[in-house]
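Here's a quick tour for anyone meeting this structure for the first time. Have a look at it, and then we'll walk through the ligand site and a few spots in the backbone.

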Amino acid sequence: MSAKEPVAVKAHAKINAFLRVLGRRPDGFHDLETLLIPLDLHDVVTAEPGPGGLTLSVAGPLGEQVPPGEENLVMVAARALAEATGLASPSARLTIDKRVPVAAGMGGGSADAAAALRALERLWGTALEPDALREVAAHVGSDVPALLAGGAVFAAGRGERVHPVHVQTTSWVVKPLGFAVRTPDAFAWWDAEGATGPDAGALIAAAETGNDELLGHALFNDLQAPVIARHPEIAETIETFIDAGALGAVMTGSGPTVVALATHPAHADRVAEAVPGSFVASGPPVATPQPLSGAG
Ligand code: C5P
């Protein structure tokens with residue numbers, strides 16, 4: 001059944017506790033393995049009945065950093081869902097309340113797209129099979145299927161092979177840097193000089209059992225060294241976190257944001273105080289991203 005009321009869905013930021021790049025594929029994408037942990041930090045995507053056609057507006061503290069045009073992943077997701085469900089003239093008024101740092105490696109755009117799929121499924125009353133919905137998500141972007149899942153996941157392939165992982169609650173300190181890294185650039189730099197990190201079985205086990213000491217030591221990202229070669233500020237930020245007592249620190253996604261693991265929320269507060277421009281986040285959020293409002 002379709003909804004008459006606005007449907008609002010949280011779009012959680014993510015971090016990659018590890019990101020292992022296995023190699024470049026013939027299609028130009030890279031096979032990878034990653035443990036993706038959603039954080040409590042989130043945007044909100046709202047879908048409501050519109051006068052006709054699809055419209056998007058972006059508000060919130062970081063709203064001006066995100067163009068609301070057709071290239072926005074929320075619009076791409078909306079069109080892909082309409083096509084997959086056979087809606088010839090889809091109609092919705094979409095809004096993003098933007099709070100997650102943009103082009104920062106925190107999956108903000110992909111999370112918005114995943115939230116838009118959930119919200120529009122509810123608004124339009126479409127009911128794709130989970131596999132079909134994941135396929136739509138993968139078409140929109142490599143991280144979208146993982147963020148559609150709602151909790152922590154191990155993702156493989158291009159990112160679309162997603163397996164839930166029951167990770168314990170973790171306390172993080174997040175430091176966005178004042179520049180963006182384009183994801184294709186990070187992967188191209190890896191092509192030129194990248195290496196593949198270790199099997200992450202022990203790291204995943206540490207996350208599952210809440211062994212933060214081990215997890216902190218084991219964090220890694222194969223894109224980090226190639227990106228640091230162009231942006232040494234990232235290495236300096238990691239060092240600052242370690243000096244401030246973090247258990248470990250790593251670049252997330254294709255960067256440049258650095259995330260540091262703390263033992264508990266009060267420890268995270270202390271680390272954040274010592275690192276100007278950083279803030280505390282925790283993950284994974286307790287609830288999976290269900291609509292905040294709207295007919296159900
Ligand atoms: O899928 P998405 O649009 O997020 O990917 C952006 C770019 O990042 C791709 O065009 C590709 O250059 C790179 N990428 C990759 N391998 C992946 C995911 C992304 O090479 N698994």
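Predicted model: local features only at pLDDT ≥ 70, side-chain atom pairs only at ≥ 80, totals over all residues.

## Who surrounds the ligand

Let's begin with the shell of residues around the ligand. Its members are Gly 28, Phe 29, His 30, Leu 32, Gly 141, Ser 142, Arg 158, Thr 183, Pro 184 and Phe 187. Sorted by class, that makes 4 nonpolar, 5 polar and 1 charged residues.

Which element gives the most to this shell? That's α5, with 3 residues. The elements that supply two or more residues are β2 (30-48) and α5 (183-193).

## Where the ligand sits

The ligand takes up the space of the largest pocket. Why does the ligand lie between domain 1 and domain 2? Domain 1 (7-165) and domain 2 (170-283) both give residues to the shell, so the ligand ends up between them.

Now for the atom pairs. His 30 has a polar side-chain atom 2.6 Å from an oxygen atom of the ligand. Ser 142 brings a side-chain N or O atom to 2.5 Å from a ligand oxygen.

With Arg 158, it's the backbone that comes in: one of its N or O atoms lies 2.9 Å from a nitrogen atom of the ligand. As for cover, the ligand on its own has 450 Å² of accessible area, and the protein covers 72% of that.

## Cis peptide bonds

Time to follow the backbone instead. Gly 255 and Pro 256 are joined by a cis peptide bond, with omega at about 5°. You'll find Pro 256 in the loop between β9 (248-251) and β10 (258-262).

Another cis bond runs from Gly 283 to Pro 284, where omega is near -5°. Pro 284 belongs to the loop between β11 (279-283) and β12 (291-293).

## A positive phi

One last stop is Ala 103. This residue isn't a glycine, yet its phi is positive, at about 50°. Look for Ala 103 in the loop between β4 (92-97) and α2 (108-124).

Notes. Residues numbered from 1 in each chain as written. Heavy atoms only, no water. Near = heavy atom within 4 Å. Polar contact = N/O pair within 3.5 Å; in protein donor to acceptor, adjacent residues only side chain to side chain. Areas by Shrake-Rupley, 256 points an atom, 1.4 Å probe, with all protein chains shown as cover. 1 Å grid on protein atoms, 1.4 Å probe; cavity = no way out; pocket = protein on both sides within 12 Å on 5 of 7 lines; lining within 4 Å. Sits in = over half its atoms within 2 Å of the grid points. Helix = DSSP H or I, 4+ residues; strand = E, 2+ residues; numbered from the N terminus. Nonpolar A, V, L, I, M, F, W, Y, C, P; charged D, E, K, R; others polar. Domains from an automatic or database assignment.
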